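Please consult the structure shown below.

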Amino acid sequence: MPGALETLADRLRAVRRVSVITGAGVSAASGVPTFRGPDGLWRRYRPEDLATPDAFARDPALVWAWYAERRATIARCRPNAAHAVLAGWSRPPRGWTVITQNVDDLHLEAGTERLVRLHGSLWDLLCARPCRSGATPWPDRRVPLAPCPPVCPHCGGLARPAVVWFGEALDPGALQAASAAASCDVFIATGTSAVVYPAAGFLHEAASRGALTVEINPDPTPATAVVDLAIAGAAEDVLPRIDALLRAP
Ligand code: NAD
Ligand code: ZN
């Protein structure tokens, strides 16, 4: 009897359209803390109390202090083996799609070509108001930021990270691209607790359109019981093993 990895590799070899949705766990081995892991608390705050429009309106300096620290941490992080495998799969001849909830841009740094960033990027800023010109994100990779909180270059008002906060709507273009990618033959969720909607809904969408659904996660999640194939393991271990099987003659 072939194991789960062989079964998956056989299926991946036979199909054309594959999509992978990733979350914070894929970047854990790079040193980026997840929200729900042991490092999930910053000072005494939960991310759910910082990554919101209300928190920013109440205390922009506090929210920016948290983002400044995350940017400093992530600036020292490099893509890991999971990012590298997914980047390879995204390039020709495969051209498989990666949908990510991550805002660290490690998929981009690894060279991922077909990437849908659902939650924006920590390395882009936006006018908080927003003014007319500041509504389009601009890149800012400075660590540390000075001044912090940073200002909008167009109107001089407060700038904010160009990320999607809890309670905010996702970019319609990103949503549409992710939904199109959910129309596929194999849909893999890895490094995500699969509780944050609408991202968690794509797994469901893929299943209802007939995709083989797969989860790769060291811990059980709400998705574990509903996927066709649940692989218990870390993304940076499991993905390179699948890739090796795909390369084997
Ligand atoms: P999460 O923190 O809620 O869950 C992380 C998941 O990853 C868990 O299910 C955990 O079991 C799993 N995991 C841990 N180590 C793993 C590994 N080595 N391989 C595979 N899986 C592993 O993260 P989430 O579901 O992505 O959602 C929370 C939100 O937080 C997202 O919207 C995201 O934007 C944001 N976030 C982003 C980053 C980042 O950009 N790197 C980091 C933290 C949170
Ligand atoms: Zn502005």
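Q: Across which strands does helix 7 lie?
A: Helix 7 (residues 199-208) lies across strand 1, strand 7 (186-190) and strand 8, and runs at about 155 degrees to strand 7. Helices (H or I, at least four residues) and strands (E, at least two) are DSSP runs numbered from the N terminus; contact means heavy atoms within 4.5 Å. Axes are lines fitted to C-alpha atoms, for helices over the stretch in contact, with angles from 0 to 180 degrees between N-to-C directions. The model is predicted: local features need pLDDT of at least 70, side-chain atom pairs count only at pLDDT 80 or more, and totals for chains, interfaces and linings use all residues. Residues are numbered from 1 along each chain as its sequence is written, chains are lettered from A and ligands numbered from 1 in the order in which they are written, and side-chain values use heavy atoms, leaving out hydrogens and water.

Q: What is the order of the open sheet of six strands?
A: Strands of a sheet pair through backbone hydrogen bonds, either parallel or antiparallel. Here the order is 3-2-1-7-8-9, with parallel pairing; two strands pair if DSSP finds at least two bridges between them. Strand 3 (115-117) and strand 9 (229-232) each have a single partner strand, so one side of each lacks a neighbour in the sheet. Strand 8 (residues 212-217) is joined to strand 9 by four bridges, with valine 214 opposite leucine 229.

Q: Which strands stand at the edges of the open sheet of three strands?
A: In the antiparallel order 5-4-6, the edges are strand 5 (138-139) and strand 6 (159-163). Five bridges pair strand 4 (residues 120-127) with strand 6, and serine 121 stands opposite alanine 162.
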